[in-house]
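Q: I have a model open and want to learn to read its features. Where do we begin?

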Amino acid sequence: MDIKDTHILNQDIIQSAPTTEPARQEFFMDRCHELIEEMIIESGHKPTFHVETFGCQMNAHDSEKLIGILLRIGYEEVATEKEADFIIYNTCTVRENANQKLYGHLGSLKKRKESNKNMLIGICGCMMQQTAVVEYIKSSFGFVDLIFGTYNFYKLAELLFYKLTETDKKTVVEVLDVPETHVENLPEKRKYSFKSGVNIMYGCNNFCTYCIVPYVRGRERSRTPEDILCEVNRLVNEGCVEIMLLGQNVNSYGINFLDESETIKAHPDYDFPDLLSDVAKIEGLKRIRFMTSHPKDLSDKLLDVIAANPKIARHIHLPVQAGSSRILKAMNRRYSKEDYLALVDKIRAKLPDVSLTTDIMVGFPGETEEDIQDTIDVIRYAKYDQAFTFIYSIRSGTPAAKMEQLPSEVVDKNFEKVLEEVRKVSAQSSSRFEGQTKSVLVESVNDHMNGYVTGRMDNNILVHFPGNEEQIGTFVDVKLDEAKGFYYLGHAV
Ligand code: 5AD
Ligand code: SF4
């Protein structure tokens, strides 16, 4: 799919734009800035924006880049879409209900858009990588101004420039089938000054039969170690103490690199554990987290690197999806129940204090009561601190969509059963730290309890304790007095 229906006034400016990146985007950010300045003079009002993000950490991180670009252009960020002149939806399409949510939002904007001629609506992200969705939005919500996908979100300024200078009311649409070029180092606005996500790779090659991600995020592409280490160093110099390394499957980091790299030339086998230990050497960086690990690729070398490095969080998010070997095979997960349980044993042997978390799906085609029992067995065995449970959602274009689907009553009943087990196990597991003292990275002042602050332990569990604003962004040793299910109450020691 490559749809471009832009009608452009300012051809001369566009002709004079640099052809290489990121210079081209810098150029369009400057041009948009000039247009916004004119708009402010005319209206006496600084235009505002809000980016609404759906979905995973990857999307959240992409949104930080969109926000960075809009701030640079001269827009002002506002907390809700109600106050915004420019709304961008960064969409997710992993499950169908995300699509429905977006259409609901769009439906409610039509009137507002009619009464505010300066209002802009943009939609980007995974959902836009599907031709049928783009066509539906164009026909049902023709008032949308910008549509772009996952491979070209860095082009926001360029597309916005087209929109602001076009003669007619058409939607500017640019969705690419495959990544054309990869652009880093554009402005980004981090949600927190003291912690940040860093993409180490894009896309996924696993093709689990239920999953849309490989179709909307493309094949796996790893960033070079030089590029990643340079970004982490920069972030640490800017005050970041915690980094989350992000990828759909970090354990296959290094199979396909985006670029030639000196490290790769010298060490052709450079892999994720190598990257982790290089990141851990960066002075000033205090805590390293990573996500997500596919169980089929988690190596002994990775566990050894974690064990040897106190800076690396004792937390592994290890999506199991299902407990039954038969269902796992149908899902193309490439491990069995026994393989997974053996992996849990190995992890716990090497990292006794580890926190395991997971994703579980209920209702995959063909799943029986017996299969659900396997899932429950795994939940009990793995003693997850937290498990995200999802009802299987049919995604058109995936192999599982062609399989015979289960009736929703059966799925709902099984889902409740699994959820109840998850609640029991995770409340028990996550309370095992009660009475211990743990290092907590303070994130914010607590909105509900006066005089309290909120932070996270290295396994991501929340802790509330009496404190003050000055502690935000610092690590505080906190005695965990009381486990409350998904969080702790404690006091600084
Ligand atoms: N239906 C329901 N859940 C899904 N996930 C991925 N695809 C689907 C789907 N079609 C879940 C998986 C994955 C998490 C991010 O989303 O559990 O680990
Ligand atoms: Fe989807 Fe499987 Fe890739 Fe995860 S590993 S993104 S579930 S295809």
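Predicted model: local features only at pLDDT ≥ 70, side-chain atom pairs only at ≥ 80, totals over all residues.

A: Begin with contacts: Ala-157 touches Gln-25, Phe-28, Met-29, Cys-32, Ile-69 and Ile-73, leaving aside residues up to four places away in sequence.

Q: Which element holds Ala-157?

A: Ala-157 is found in helix H7, residues 156-165.

Q: How far apart are the C-alpha atoms of Ala-157 and Phe-28?

A: They are separated by 5.5 Å. Along the chain, the two residues are 129 residues apart.

Q: Is Ala-157 buried or exposed?

A: The test counts C-beta atoms: 20 or more others within 10 Å make a residue buried. Ala-157 has 23, so Ala-157 is buried.

Q: How should I read strand pairing in general?

A: Strands of a sheet pair through backbone hydrogen bonds, either parallel or antiparallel. Here, take strand S10 (residues 242-246) and S11: they run parallel, joined by five bridges. Ile-243 stands opposite Ile-288 in S11.

Q: How many residues of strand S11 are buried?

A: Four of its five residues are buried. Strand S11 spans residues 287-291 and is mostly covered.

Q: What is the strand order in the open sheet of three strands?

A: The order is S12-S13-S14, with parallel pairing. Strand S12 (315-317) and strand S14 (386-391) stand at the edges. Each has a single partner strand, so one side of each lacks a neighbour in the sheet. On average, neighbouring strands of this sheet are turned by 10° against each other, direction ignored.

Q: How many bridges pair S12 with strand S13?

A: Three bridges, in the parallel sense; strand S13 covers residues 355-362. His-315 stands opposite Ser-355 in S13.

Q: Which strands of the sheet does helix H16 touch?

A: Helix H16 (residues 408-430) packs on the sheet and touches S13 and S14. Its direction makes about 170° with that of S14.

Q: Now the ligands. Which residues surround ligand 1?

A: List the shell, then sort it by class. Around ligand 1 are Val-94, Arg-95, Tyr-210, Cys-211, Pro-319, Gln-321, Asp-359, Met-361, Phe-390, Tyr-392, Ser-393 and Arg-395. By class, that shell has seven nonpolar, two polar and three charged residues.

Q: What classes make up the shell around ligand 2?

A: Six nonpolar, four polar and no charged residues. The residues around ligand 2 include Cys-204, Cys-208, Cys-211, Asn-249 and His-294. Cys-211 is also listed around ligand 1.

Notes. Residues numbered from 1 in each chain as written. Chains lettered and ligands numbered in written order. Buried ≥ 20, exposed ≤ 12 C-beta atoms within 10 Å, placed from the backbone. Helix = DSSP H or I, 4+ residues; strand = E, 2+ residues; numbered from the N terminus. Pairing = 2+ DSSP bridges. Near = placed C-beta within 6 Å. Nonpolar A, V, L, I, M, F, W, Y, C, P; charged D, E, K, R; others polar. Axes fitted to C-alpha atoms, helices over the stretch in contact; angles between N-to-C directions. Contact = placed C-beta atoms within 7 Å.
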